[in-house]
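Visitor: I would like to learn how to read chain copies and helix packing in a model. Please take me through one.

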Number of protein chains: 2
Amino acid sequence: MHGFAQRVTVEAALIWLEGQLRPLPAEQVPLASAAGRVLASPVTSSVAVPGFDRAMMDGFALRAANTAGATPYNQLQLDIVGESFPGRPFAGQLGQGQAVRIMTGAPLPAGADSVLPAELAQLDGPHVRVHGEVTPGKHVGSVGEDVSVDAIVFREGRTLRPQDLGVLSSIGAGCLPCVRRPRASIVVTGNELLPGGTKPHGFQVTDANGPMLAALVERDGGSLAKRQIVPDDREAILAALLDDVDVVLVSGGSSVGEEDHVPTLLAERGELAIHGIAMRPSSPTGMGRLGARLVFLLPGNPVSCLCAYDFFAGRAIRGLGGRNREWPYRTVKGKLTRKISSEIGRLDYARVVFADGAITPLAIGGASILSSTTRADGFLLIPADLEGYPPGAEVNVFLYD
Amino acid sequence: MHGFAQRVTVEAALIWLEGQLRPLPAEQVPLASAAGRVLASPVTSSVAVPGFDRAMMDGFALRAANTAGATPYNQLQLDIVGESFPGRPFAGQLGQGQAVRIMTGAPLPAGADSVLPAELAQLDGPHVRVHGEVTPGKHVGSVGEDVSVDAIVFREGRTLRPQDLGVLSSIGAGCLPCVRRPRASIVVTGNELLPGGTKPHGFQVTDANGPMLAALVERDGGSLAKRQIVPDDREAILAALLDDVDVVLVSGGSSVGEEDHVPTLLAERGELAIHGIAMRPSSPTGMGRLGARLVFLLPGNPVSCLCAYDFFAGRAIRGLGGRNREWPYRTVKGKLTRKISSEIGRLDYARVVFADGAITPLAIGGASILSSTTRADGFLLIPADLEGYPPGAEVNVFLYD
């Protein structure tokens, strides 16, 4: 029932964590599900896009030389020998003095080298009267101008954007090699806990951390394999730790009290690499391994749980998933409206309100007050080598949304 | 086969659109699916959190008055009369000279007013020796300090964050009134089109816009009800327009050519409010209504399709879903490495590479070259009243990710 013998710095904890993070192996993902996924290997194209020369405007396919000297006052006449529509090309060969009506996107007929836009042409029975000149290649999209054969379309590590799916679709990539999403299980410990979203009563408390952690895992590209509440019981906790997942997030029982079974269990059965971190909140945070699993011991106090997830577990889920490990939060600069205090040797995570460049620390500091993180617009960090910031100090705020 | 008689400005098109956008009605959403959803009405709490006074540290519940004068050299002795654990409170009443062992989060026994931390206490058989003083209320979390009864926990319009789900869970909100997600259908027109992700061959082209639009709809909080490719045929297109959705996105056939059936159909059966917009790309964009549906006519050229979606259709999906209507893109400032030209009277959307503050417009300008949007880091806008920007101009870039 006493404190941690010593706490490691946040930096030291992150160095250990960094050594554990290698992107998971690839899996094939159908194109329709690939938005936001991370490529595990480069994608090259086996086809050219477009696969044929095509008209970029509605008009007439012809030989540019046949328009030489055409003006509104010197109209030239060509014979219309057919039509080319998208997917229904002109089957023949276009010759001297001939034109083929063509629609945007339609294949350029053999023998033609350019497209005369409709504005420079006038229909005259079986003929077209040409009012202006075009040069060879004009209004023609050429083979491979979007994607050439054997081009590397995307490199590994790319997080796929909506337009990337468009390009991948156009080269016929129906499935893509993506980094597997980390499978996570959430284990919330506590005899007093009711399942998320049930009305609390008597001396029971409703689990807040499970629903919060599930949303965080999803945000960071993880896949939630299981979420459970287990009693403060060694056997029950051990069974939950052994789920077949990549990452186990345990909430509660992470400290050094006699009901804190998780650190002991992890130390006995696997590796408790980090336990106790010089930060506030979240100092009773632990990390380790159990077989192939990365295990995070997150404090039960919900603000501490959020903070410890964001510093460590979220980083792991993003890293294992091949993503940028840094926070997804936007940062803004602003000025403190009042002093904020900390202690040398400890990193502080302080919730703040941000409005018009003014940063106001929330008065409520307790790690048990989750609503402080919903009233806050974001948070700031006070590094371990500072005692705080004076009023008026310019600092970065990480915005929660 | 001639151009638009006149084009409306982007501003005028947005004013029409704004008039169509009211958040959709509410639906009940289970807590576990509510991350990122938008509240349709305020949420108030019918319970206090915590629902009882609780210990904030491991130690001994007692009366603060019974610690008066205690120091390591003047230890006071109290009788231990029981234990209080989370979910297993001390059943009796604590009296003068008594203490109850208590764990963090456990209910404070009746008769106690404070918690003596374990560090200030020493067990001595059935007694505890007190080494220090506490004041009334010390290390006690009081009823309702996180959420009080009848408090408005979140207002309508809130996009729910992970920690919001934690707070909502703790007050027993198992279901939440959220703005219904807009149901969208994607109708890609073109006889030449192969389904997304199939290898193109002959004069067939693989649909790029369908997969791209599906990912954009998802990104903006819409729900994809249907995605189909239909031939350039009035009856087939009309049938697709009549799907039971909130928003119809039609790609292709949006201009004024003879195969462009969609504008005519919409004008005949519903309202074609906007057709032809003074912008590049995407000038052949249309918007209107068909019954309760908002219909967007997006150009078939994929860059134009992306741009028209982002300017108009995405805004509608975000607006109907109760979200911030502005672009989800981060902006950064930088300096142009070279001149970029436009025309007075037309808004330009130019793809650019952004590196270390330097903005380089991509040389490829064609609206058919979708890979220009995947090689680009983002885009800049040239307003209609400018002819462009000189080299070195400081401009905003909207980053694609």
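Guide: This is a predicted model. Begin with the interface: 100% of the interface residues of chain A are also interface residues in chain B, so the copies meet through the same surface.

Visitor: How are two copies of a chain related in general, and what rotation superposes chain A on chain B?

Guide: Two copies of a chain are related by a rotation about an axis and a shift along it. Here chain A is superposed on chain B by a rotation of 180 degrees, with 0.0 Å of shift along the axis and an RMSD of 0.1 Å. The two copies are therefore related as by a two-fold rotation axis. In chain A, the C-alpha nearest that axis belongs to A:R330, at 4.4 Å.

Visitor: At what angle do the axes of α1(B) and α6(B) cross?

Guide: The axes of helix α1 (residues 10-18) and helix α6 (residues 302-320), both of chain B, cross at roughly 20 degrees and come within 11 Å. Angles under 35 degrees count as roughly parallel, so α1(B) and α6(B) are roughly parallel to each other. Their crossing is right-handed.

Visitor: Which residues make the contact?

Guide: An α-helix has 3.6 residues a turn, so residues three or four places apart point the same way. α1(B) contributes B:V10, B:A13 and B:L17, and α6(B) contributes B:F311, B:F312, B:R315 and B:A316. By class, six are nonpolar, none polar and one charged.

Visitor: How many residues of helix α3 of chain B are buried?

Guide: Nine of the eleven residues in α3(B) (residues 209-219) are buried, so this helix is largely enclosed by the rest of the structure. The cover over its buried residues includes α2 (162-170) of chain A, and β13, β16, β17 and α6 of chain B.

Notes. Residues numbered from 1 in each chain as written. Chains lettered and ligands numbered in written order. Predicted model: local features only at pLDDT ≥ 70, side-chain atom pairs only at ≥ 80, totals over all residues. Axes fitted to C-alpha atoms, helices over the stretch in contact; angles between N-to-C directions. Helix = DSSP H or I, 4+ residues; strand = E, 2+ residues; numbered from the N terminus. Parallel < 35°, antiparallel > 145°, perpendicular 65-115°, else oblique. Left-handed = near helix turned anticlockwise from the far one by under 90°. Contact = placed C-beta atoms within 7 Å. Nonpolar A, V, L, I, M, F, W, Y, C, P; charged D, E, K, R; others polar. Buried ≥ 20, exposed ≤ 12 C-beta atoms within 10 Å, placed from the backbone. Least-squares fit on C-alpha atoms with pLDDT ≥ 70 in both.
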